[in-house]
Amino acid sequence: MSLTITASSLGQFRSALIAKGGQIEGACQRALYLEAESIMTDSRPLVPWETGVLRASGFVHPASANAVEFGYGGAASAYALVQHEHEEFNHPRGGQAKYLLTAIQQHATNLDSRLAAHVGRI
């Protein structure tokens, strides 16, 4: 495979990027948001269940074009962290420690390809 880059092709590429810049940024943000939503969906059954408050505290917030914030806790973030980190805890009503990390690790495979596919649709 070979690639030839000329001054005119760089100029055309630059023009195309400028013209599509806003769409690319929006596509990146949407792709990150969709991935975070998918991670949260897969993590929900893993969240320890006592009263349902922790499981219901899940959130996904777009932070910028190249970042998304997601997790559990809100006002109960200290509780969420304790439940996430302590593997010795017993969860008789279901759930487990490392509930968010487990879902993130499951989604890590081919993440770059999925994000590129979202952006590539432009």
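Modeller: Let's begin with the surface: the accessible surface of the protein chain is about 8,100 Å², and carbon and sulfur atoms account for 58% of that area. Keep in mind that this is a predicted model.

Colleague: What share of the 122 residues is buried?

Modeller: Buried residues come to 25% of the chain.

Colleague: And which pattern does the chain follow along the sequence?

Modeller: Reading along the sequence gives α-α-β-β-α-α-α. In total there are 5 helices and 2 strands.

Colleague: Which residues make up the largest nonpolar core?

Modeller: A nonpolar core is a set of buried residues joined through their side-chain atoms. The largest one here has 12 residues: A36, I39, M40, L46, V47, L54, V60, Y72, A80, Y99, L100 and A103. Helices α1 and α4 each supply at least two residues of this core.

Colleague: Could we zoom in on one member? Which residues is A36 in contact with, leaving aside its neighbours within four places in sequence?

Modeller: With those neighbours set aside, A36 touches V60, V68 and F70. V60 is also listed in the core.

Colleague: Now the charged pairs. How many salt bridges does the structure hold?

Modeller: The structure holds 2 salt bridges. To read one, look for the closest N and O atoms; for R114 and E35 they are 2.9 Å apart. R114 sits in helix α5 (residues 111-120) and E35 in helix α1 (residues 7-43), so this pair ties together parts that are 79 residues apart in sequence.

Colleague: Is E35 buried or exposed?

Modeller: E35 counts as buried, at 9% relative accessibility, because the cut-off for buried is under 20%.

Colleague: Which residue does E85 form a salt bridge with?

Modeller: E85 pairs with K98, and their closest N and O atoms are 2.7 Å apart. E85 belongs to helix α3 (residues 77-85), while K98 is in the loop between α3 and α4 (99-108), and the two are 13 residues apart. E85 is partly exposed, its relative accessible area being 38%.

Colleague: Thanks, I'll trace both pairs on the model now.

Conventions
Residues numbered from 1 in each chain as written. Predicted model: local features only at pLDDT ≥ 70, side-chain atom pairs only at ≥ 80, totals over all residues. Heavy atoms only, no water. Salt bridge = Lys/Arg side-chain N within 4 Å of Asp/Glu carboxyl O. Helix = DSSP H or I, 4+ residues; strand = E, 2+ residues; numbered from the N terminus. Buried < 20%, exposed > 50% of the residue type's maximum accessible area, 1.4 Å probe, protein only. Core = buried A, V, L, I, M, F, W, Y, C linked by side-chain atoms within 4.5 Å. Contact = heavy atoms within 4.5 Å. Areas by Shrake-Rupley, 256 points an atom, 1.4 Å probe, with all protein chains shown as cover.
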